[in-house]
Amino acid sequence: MVGYVHGFPGHFDEPDFDIVRRGHESDPRIVGFVAGDGDIFDLAHDRDAAIAALHAEPQRPEDADWEQIERLYKELNRMQPSPVVELNRAVAVAMIYGPEAGLALIGTIDPDGLLDQYHLLHAARADLLRRAERHEEAAGAYRRALELSTNPTETRYLWRRLREVTAN
């Protein structure tokens, strides 16, 4: 799954955690957000920082505290409703309950099509479809994400994933 983690392009199933960690270490405010039990945060910015820190801590994506990340996205969306925040929560839901659960949530995020021009919506959907082994649908979603992507790093990643799903 392609997206931005702490301001850097990253892939949720193969992120460069060293880049994320360096960003985390360079901002001492973030360290405080994960100290203690990590359950109580007062501001939306705190939740954003806590989410970034929770992404930075584990060595592998599957070791992240996805339940905590999902709760933080849910709280952040309550404070600042946004379909993009819900999209990020859908990724966390997929990491907890599987790709079909994430896809179900993505299906409810944008009933009016406001995010149709947002490449990361299509990239996230494509990745979850790939994980669910729904390769033909994944290929269509990867193609749509590629039509909209302007970032060369993301574009290379999307092309690689498109080749993978069309080779099966």
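**View 1. Helix 6 against helix 7.** The axes of helix 6 and helix 7 come within 8 Å and cross at roughly 150 degrees. Axes here are lines fitted to C-alpha atoms, for helices over the stretch in contact, and the angles run from 0 to 180 degrees between N-to-C directions. Helices are DSSP runs of H or I with at least four residues, strands are E runs of at least two, and both are numbered from the N terminus. So helix 6 and helix 7 are roughly antiparallel to each other (the label for angles over 145 degrees; under 35 is roughly parallel, 65 to 115 roughly perpendicular, and the rest oblique). Helix 6 passes helix 7 in a left-handed crossing, meaning that the near helix is turned anticlockwise from the far one by less than a right angle, while clockwise would be right-handed. On the helix 6 side you'll find Pro99, Gly102, Leu103 and Ile106, which meet Leu121, Ala124, Arg125, Leu128, Leu129 and Arg131 in helix 7; contact means heavy atoms within 4.5 Å. The residues of this contact split into 7 nonpolar, 1 polar and 2 charged. For that tally, Ala, Val, Leu, Ile, Met, Phe, Trp, Tyr, Cys and Pro are nonpolar, Asp, Glu, Lys and Arg are charged, and the others, Gly among them, are polar.

A word on the model: it is predicted, so local features need pLDDT of at least 70 and side-chain atom pairs count only at pLDDT 80 or more, though totals for chains, interfaces and linings use all residues. Residues are numbered from 1 along each chain as its sequence is written, and side-chain values use heavy atoms, with hydrogens and water left out.

**View 2. The whole chain, for orientation.** The protein chain has 9 helices and 2 strands, and along the sequence the pattern reads β-β-α-α-α-α-α-α-α-α-α. Of its 168 residues, 51% count as buried (under 20% relative accessible area; exposed is over 50%, partly exposed is in between, with a 1.4 Å probe and protein chains only). Among contacts between residues at least 6 apart in sequence, 51% join residues at least 24 apart.

**View 3. Helix 7 against helix 8.** Helix 7 and helix 8 pack at about 160 degrees, with their axes 8 Å apart. That makes helix 7 and helix 8 roughly antiparallel to each other, and the crossing is left-handed. Helix 7 brings His119, His122, Ala123, Arg125, Ala126, Asp127, Leu129 and Arg130 to the contact, while helix 8 brings His135, Glu137, Ala138, Ala141, Tyr142, Arg144, Ala145 and Leu148. By type, the residues of this contact divide into 8 nonpolar, 3 polar and 5 charged.

**View 4. Glutamate 133 in the loop.** Glutamate 133 is found in the loop between helix 7 and helix 8. Most residues other than glycine have a negative phi. Glutamate 133, not a glycine, has a positive phi of about 60 degrees. At 64% relative accessibility, glutamate 133 counts as exposed.

**View 5. Helix 4 against helix 5.** Helix 4 (residues 66-79) and helix 5 (residues 83-97) have axes that come within 9 Å and cross at roughly 160 degrees. The two are therefore roughly antiparallel to each other, with a left-handed crossing. Trp66, Glu67, Ile69, Glu70, Tyr73, Lys74, Leu76 and Asn77 of helix 4 meet Val85, Glu86, Asn88, Arg89, Ala92, Val93, Met95 and Ile96 of helix 5. The residues of this contact come out as 9 nonpolar, 2 polar and 5 charged.

**View 6. Two residues of helix 5.** Methionine 95 sits in helix 5 and is partly exposed, with a relative accessible area of 25%. Leaving aside neighbours within four places in sequence, methionine 95 is in contact with Pro61, Trp66 and Arg131. Valine 84 is also in helix 5 and is partly exposed at 28%. Valine 84 touches Leu115 and Tyr118, not counting residues up to four places away in sequence. C-alpha to C-alpha, valine 84 and leucine 121 are 8.1 Å apart in space, but 37 residues apart in sequence.

**View 7. The nonpolar cores.** A nonpolar core is a set of buried Ala, Val, Leu, Ile, Met, Phe, Trp, Tyr and Cys residues joined through side-chain atoms within 4.5 Å. The largest has 26 residues, of which Leu87, Ile106, Ile109, Tyr142, Leu158, Leu162 and Val165 touch the most other members. Helix 5, helix 6 (99-109), helix 7 (119-131), helix 8 (135-148) and helix 9 (152-167) each supply at least two residues of this core. A second, separate core of 7 residues includes Trp66, Tyr73, Val85 and Ala92.
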